[in-house]
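Trainee: Please show me the model, and let us go through its contacts and pairings one at a time.

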Amino acid sequence: MQEQKGVIYYMKKEALKEVGVDYAAGVLHFAGKEELYVKYLRKYEEDHHLQDAVAAYEKTDYKEVLDQIHALKGLSGTLGFSQMFQSASAVVSDLRREEYQMIGEQLKQMQLYQKKLLVAIEAI
């Protein structure tokens, strides 16, 4: 039974890797404590930074978009969400250069990615 449980857990970690999660790096950010890392992975679905950034974008409040995406960037880096981290980094960079023309599309792509990420997290 223990071996079967290990195989299932391995498959769930692989699902996370398939959506761009650097699981090993995430665990390292939590002092190597995998249980603690998994706890915070599961709490990610409560995070609202991306939704708040989209709402701010719709109001053309670019400072708030920057604040929210910058926070999401930090969280993504800590949790090992490599793809989300890279996307957030690009948005932060564009906002700091006051290049707003692609922000809406970038946020849409981040929302699509977040849906895939949440499905993978729910599986663990």
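Trainee: Leaving aside neighbours within four places in sequence, which residues is isoleucine 69 in contact with?

Mentor: This is a predicted model, in which local features need pLDDT of at least 70, side-chain atom pairs count only at pLDDT 80 or more, and totals for chains, interfaces and linings use all residues. Residues are numbered from 1 along each chain as its sequence is written, and side-chain values use heavy atoms, with hydrogens and water left out. Contact means heavy atoms within 4.5 Å. With neighbours within four places set aside, the partners of isoleucine 69 are Leu50, Ala53, Ala88, Val91, Val92, Leu107 and Met110.

Trainee: What distance does helix 7 reach from its first C-alpha to its last?

Mentor: Helices (H or I, at least four residues) are DSSP runs, numbered from the N terminus, and the expected span is 1.5 Å times one less than the number of residues. Helix 7 covers residues 103-122, and among its buried residues are Leu107, Met110 and Leu117. With 20 residues, helix 7 is close to its expected 28 Å, reaching 28 Å.

Trainee: How many residues apart in sequence are the parts that tyrosine 44 and phenylalanine 81 tie together?

Mentor: Rings of Phe, Tyr and Trp (its six-membered ring) pair if their centres lie within 6.5 Å; planes under 30 degrees apart count as stacked, over 60 as edge-to-face and the rest as tilted. A search of the whole structure finds six such pairs. One of them, phenylalanine 30 with tyrosine 37, is tilted, at 5.7 Å centre to centre and 50 degrees between the planes. The tyrosine 44 and phenylalanine 81 rings are edge-to-face because their planes stand at 80 degrees, with centres 4.9 Å apart; tyrosine 44 lies in the loop between helix 3 and helix 4 (49-58) and phenylalanine 81 in the loop between helix 5 (62-79) and helix 6 (82-96), so the separation in sequence is 37 residues.

Trainee: Which helices hold lysine 13 and glutamate 34?

Mentor: A salt bridge is a side-chain nitrogen of Lys or Arg within 4 Å of a carboxyl oxygen of Asp or Glu, and the structure holds six. Lysine 13 and glutamate 34 form one at 3.6 Å, N to O. The pair ties together parts 21 residues apart in sequence, because its members lie in helix 1 (residues 2-18) and helix 3 (residues 34-43).

Trainee: Is aspartate 94 buried or exposed?

Mentor: Aspartate 94 forms a salt bridge with arginine 97, with the closest N and O atoms 2.5 Å apart. Shared partners join Asp94, Arg97 and Glu99 into one network. Arginine 97 is partly exposed at 45% relative accessibility, whereas aspartate 94, at 11%, is buried.

Terms used:
Helices (H or I, at least four residues) and strands (E, at least two) are DSSP runs, numbered from the N terminus. Buried means under 20% relative accessible area, exposed over 50%, partly exposed in between (1.4 Å probe, protein chains only).
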